Amino acid sequence: LPEIYESDQFINRFLMLAESFWKPINQQIDQVDGFFDPMLTPTAMLPWLSSWVGLPVDSALPIDRLRSLLKSAMMFHQQRGTYQALKTYLEIFSGGEVSIQERRARNFILNANSKLGVEIALGKDNQPNSLRIDIQVPLDELNKTKLSTEMYQRKMKEIARALAPGHTVFDLT
(Lines give C-alpha, C1' and ligand atoms only; values in the text may rest on other atoms or scores of the structure.)
Protein backbone atom coordinates (compact mmCIF):
# COMPACT_ATOMS: atom_id res chain seq x y z
CA LEU A 1 0.00 0.00 0.00
CA PRO A 2 1.06 3.59 -0.41
CA GLU A 3 2.66 5.04 2.71
CA ILE A 4 -0.28 7.27 3.49
CA TYR A 5 -2.58 4.24 3.96
CA GLU A 6 -0.14 2.22 6.04
CA SER A 7 -0.12 4.83 8.79
CA ASP A 8 -3.94 5.02 9.02
CA GLN A 9 -5.17 2.42 11.57
CA PHE A 10 -8.77 2.43 10.28
CA ILE A 11 -7.77 1.66 6.68
CA ASN A 12 -5.30 -0.96 7.89
CA ARG A 13 -8.00 -2.78 9.92
CA PHE A 14 -10.53 -2.44 7.10
CA LEU A 15 -8.17 -4.03 4.58
CA MET A 16 -7.24 -6.81 7.01
CA LEU A 17 -10.95 -7.58 7.40
CA ALA A 18 -11.37 -7.86 3.61
CA GLU A 19 -8.24 -10.03 3.42
CA SER A 20 -9.62 -12.39 6.08
CA PHE A 21 -12.67 -13.03 3.86
CA TRP A 22 -10.68 -13.65 0.69
CA LYS A 23 -7.77 -15.66 2.08
CA PRO A 24 -9.67 -19.00 2.49
CA ILE A 25 -11.14 -18.65 -1.00
CA ASN A 26 -7.69 -18.00 -2.46
CA GLN A 27 -6.33 -21.07 -0.66
CA GLN A 28 -9.10 -23.22 -2.14
CA ILE A 29 -8.38 -21.88 -5.60
CA ASP A 30 -4.66 -22.57 -5.14
CA GLN A 31 -5.43 -26.20 -4.18
CA VAL A 32 -8.17 -26.93 -6.74
CA ASP A 33 -5.89 -29.23 -8.74
CA GLY A 34 -5.98 -31.68 -5.82
CA PHE A 35 -9.69 -32.25 -6.48
CA PHE A 36 -8.85 -33.65 -9.93
CA ASP A 37 -6.23 -36.11 -8.69
CA PRO A 38 -7.97 -39.36 -7.69
CA MET A 39 -5.29 -40.11 -5.11
CA LEU A 40 -5.68 -36.71 -3.36
CA THR A 41 -9.33 -35.80 -3.73
CA PRO A 42 -11.56 -36.16 -0.67
CA THR A 43 -13.60 -39.37 -0.54
CA ALA A 44 -16.85 -37.43 -0.91
CA MET A 45 -15.62 -36.07 -4.26
CA LEU A 46 -14.86 -39.50 -5.80
CA PRO A 47 -18.36 -40.06 -7.26
CA TRP A 48 -18.25 -36.59 -8.85
CA LEU A 49 -14.78 -37.20 -10.27
CA SER A 50 -15.73 -40.64 -11.60
CA SER A 51 -18.78 -39.15 -13.33
CA TRP A 52 -16.45 -36.79 -15.19
CA VAL A 53 -14.47 -39.67 -16.70
CA GLY A 54 -17.48 -41.93 -17.28
CA LEU A 55 -16.46 -44.53 -14.72
CA PRO A 56 -19.39 -46.01 -12.80
CA VAL A 57 -19.03 -45.98 -9.01
CA ASP A 58 -19.71 -49.22 -7.21
CA SER A 59 -20.55 -48.66 -3.55
CA ALA A 60 -19.24 -52.13 -2.68
CA LEU A 61 -15.77 -51.28 -3.97
CA PRO A 62 -13.17 -50.28 -1.36
CA ILE A 63 -12.05 -46.64 -1.68
CA ASP A 64 -8.42 -47.48 -2.46
CA ARG A 65 -9.49 -49.58 -5.47
CA LEU A 66 -11.87 -46.89 -6.68
CA ARG A 67 -8.98 -44.42 -6.56
CA SER A 68 -6.81 -46.84 -8.57
CA LEU A 69 -9.55 -47.32 -11.17
CA LEU A 70 -9.94 -43.56 -11.50
CA LYS A 71 -6.19 -43.17 -11.86
CA SER A 72 -6.26 -45.66 -14.77
CA ALA A 73 -9.45 -44.26 -16.37
CA MET A 74 -7.61 -42.67 -19.30
CA MET A 75 -5.92 -45.98 -20.15
CA PHE A 76 -9.31 -47.76 -20.03
CA HIS A 77 -10.75 -45.29 -22.54
CA GLN A 78 -7.71 -45.40 -24.81
CA GLN A 79 -7.49 -49.20 -24.81
CA ARG A 80 -11.19 -50.04 -24.55
CA GLY A 81 -11.94 -53.52 -25.89
CA THR A 82 -8.37 -54.76 -25.52
CA TYR A 83 -6.97 -57.62 -23.51
CA GLN A 84 -4.84 -55.26 -21.39
CA ALA A 85 -7.69 -52.93 -20.40
CA LEU A 86 -9.95 -55.84 -19.45
CA LYS A 87 -7.22 -57.57 -17.43
CA THR A 88 -6.14 -54.39 -15.62
CA TYR A 89 -9.71 -53.35 -14.76
CA LEU A 90 -10.61 -56.79 -13.40
CA GLU A 91 -7.38 -56.99 -11.37
CA ILE A 92 -7.94 -53.60 -9.77
CA PHE A 93 -11.65 -54.23 -9.17
CA SER A 94 -11.21 -57.70 -7.68
CA GLY A 95 -7.85 -57.21 -5.98
CA GLY A 96 -6.89 -60.64 -7.30
CA GLU A 97 -5.08 -62.31 -10.14
CA VAL A 98 -6.68 -62.46 -13.57
CA SER A 99 -5.71 -64.68 -16.46
CA ILE A 100 -7.32 -64.40 -19.88
CA GLN A 101 -6.97 -66.85 -22.72
CA GLU A 102 -8.06 -65.73 -26.15
CA ARG A 103 -9.38 -68.19 -28.69
CA ARG A 104 -9.54 -66.96 -32.26
CA ALA A 105 -12.38 -67.86 -34.59
CA ARG A 106 -11.95 -71.03 -36.66
CA ASN A 107 -13.24 -71.79 -40.13
CA PHE A 108 -14.10 -68.18 -40.84
CA ILE A 109 -12.75 -67.86 -44.36
CA LEU A 110 -13.90 -65.38 -46.96
CA ASN A 111 -12.62 -65.70 -50.51
CA ALA A 112 -13.85 -65.24 -54.06
CA ASN A 113 -16.00 -68.41 -53.90
CA SER A 114 -17.70 -67.47 -50.61
CA LYS A 115 -21.36 -66.52 -50.60
CA LEU A 116 -22.94 -64.46 -47.89
CA GLY A 117 -26.63 -64.14 -47.29
CA VAL A 118 -29.55 -65.14 -45.13
CA GLU A 119 -29.19 -68.62 -43.57
CA ILE A 120 -25.63 -69.11 -44.85
CA ALA A 121 -23.03 -70.20 -42.31
CA LEU A 122 -19.35 -69.80 -42.96
CA GLY A 123 -17.38 -73.02 -42.58
CA LYS A 124 -18.23 -75.99 -40.40
CA ASP A 125 -17.97 -76.26 -36.64
CA ASN A 126 -17.55 -72.51 -36.36
CA GLN A 127 -15.99 -71.24 -33.18
CA PRO A 128 -16.45 -67.53 -32.54
CA ASN A 129 -13.78 -65.30 -31.06
CA SER A 130 -13.95 -66.07 -27.37
CA LEU A 131 -12.26 -65.36 -24.07
CA ARG A 132 -11.76 -67.55 -21.04
CA ILE A 133 -11.39 -65.35 -17.97
CA ASP A 134 -10.19 -66.83 -14.68
CA ILE A 135 -10.17 -64.61 -11.60
CA GLN A 136 -8.57 -65.68 -8.34
CA VAL A 137 -9.91 -63.39 -5.64
CA PRO A 138 -8.51 -63.08 -2.12
CA LEU A 139 -10.35 -65.04 0.59
CA ASP A 140 -11.66 -61.93 2.35
CA GLU A 141 -12.93 -60.26 -0.86
CA LEU A 142 -16.59 -61.11 -0.27
CA ASN A 143 -16.37 -59.72 3.25
CA LYS A 144 -14.79 -56.48 1.99
CA THR A 145 -17.40 -55.94 -0.70
CA LYS A 146 -20.33 -57.35 1.36
CA LEU A 147 -21.58 -59.26 -1.70
CA SER A 148 -22.70 -62.86 -1.96
CA THR A 149 -20.79 -65.23 -4.24
CA GLU A 150 -23.52 -65.06 -6.89
CA MET A 151 -23.72 -61.26 -6.76
CA TYR A 152 -19.94 -60.96 -7.00
CA GLN A 153 -19.80 -63.31 -9.98
CA ARG A 154 -22.65 -61.40 -11.66
CA LYS A 155 -20.77 -58.13 -11.07
CA MET A 156 -17.61 -59.56 -12.68
CA LYS A 157 -19.63 -60.75 -15.69
CA GLU A 158 -21.20 -57.30 -16.09
CA ILE A 159 -17.75 -55.72 -16.07
CA ALA A 160 -16.37 -58.26 -18.54
CA ARG A 161 -19.35 -57.74 -20.88
CA ALA A 162 -18.89 -53.97 -20.76
CA LEU A 163 -15.13 -54.09 -21.44
CA ALA A 164 -14.74 -57.10 -23.74
CA PRO A 165 -14.89 -56.54 -27.50
CA GLY A 166 -18.47 -56.69 -28.76
CA HIS A 167 -17.83 -59.56 -31.20
CA THR A 168 -16.53 -61.96 -28.54
CA VAL A 169 -18.16 -64.38 -26.16
CA PHE A 170 -16.59 -65.22 -22.83
CA ASP A 171 -16.60 -67.70 -19.97
CA LEU A 172 -15.78 -66.31 -16.54
CA THR A 173 -14.79 -68.35 -13.50
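Tryptophan 22 sits in helix H2, residues 9-30 (helices, H or I of at least four residues, and strands, E of at least two, are DSSP runs numbered from the N terminus). At 54% relative accessibility, Trp22 counts as exposed; the cut-offs are over 50% for exposed, under 20% for buried and partly exposed in between, with a 1.4 Å probe and protein chains only.

Together with Leu17, Phe21, Ile25 and Ile29, Trp22 makes a nonpolar surface patch of about 560 Å². Patch members have over 30% relative accessible area and no salt bridge, with nonpolar side chains (Val, Leu, Ile, Met, Phe, Trp, Tyr) joined within 5 Å and like charges within 9 Å. A salt bridge here is a Lys or Arg side-chain nitrogen within 4 Å of an Asp or Glu carboxyl oxygen, and areas come from the Shrake-Rupley method with a 1.4 Å probe, only the protein chains shown counting as cover for residues.

## What you're looking at

This is a predicted model: local features need pLDDT of at least 70 and side-chain atom pairs pLDDT 80 or more, while totals for chains, interfaces and linings use all residues. Residues are numbered from 1 along each chain as its sequence is written, and side-chain values use heavy atoms, with hydrogens and water left out.

The protein has eight helices and three strands, running α-α-α-α-α-α-β-β-α-α-β from the N terminus. Of its 173 residues, 29% count as buried.

## The core

The largest nonpolar core has 30 residues, and Leu69, Leu86, Tyr89, Leu90, Ile133 and Met156 touch the most other members. H3, H4, H5, H6, S1 (97-103), S2 (130-136), H8 (149-163) and S3 (169-172) each supply at least two residues of this core, with H6 giving the most, six. Such a core is a set of buried Ala, Val, Leu, Ile, Met, Phe, Trp, Tyr and Cys residues joined through side-chain atoms within 4.5 Å.

Leucine 86 touches Ile100, Leu131, Ile133, Ala160 and Leu163, leaving aside residues up to four places away in sequence (contact means heavy atoms within 4.5 Å).

## H4 and its cover

In H4 (63-71), the buried residues are Arg65, Leu66, Arg67, Leu69 and Leu70. Their cover includes H3 (46-52), H5 (73-78), H6 (83-94) and H7 (141-145).

## Strand S3

S2 and S3 run parallel, joined by four bridges (strands pair if DSSP finds at least two bridges between them). Leu131 has Phe170 of S3 as its bridge partner.
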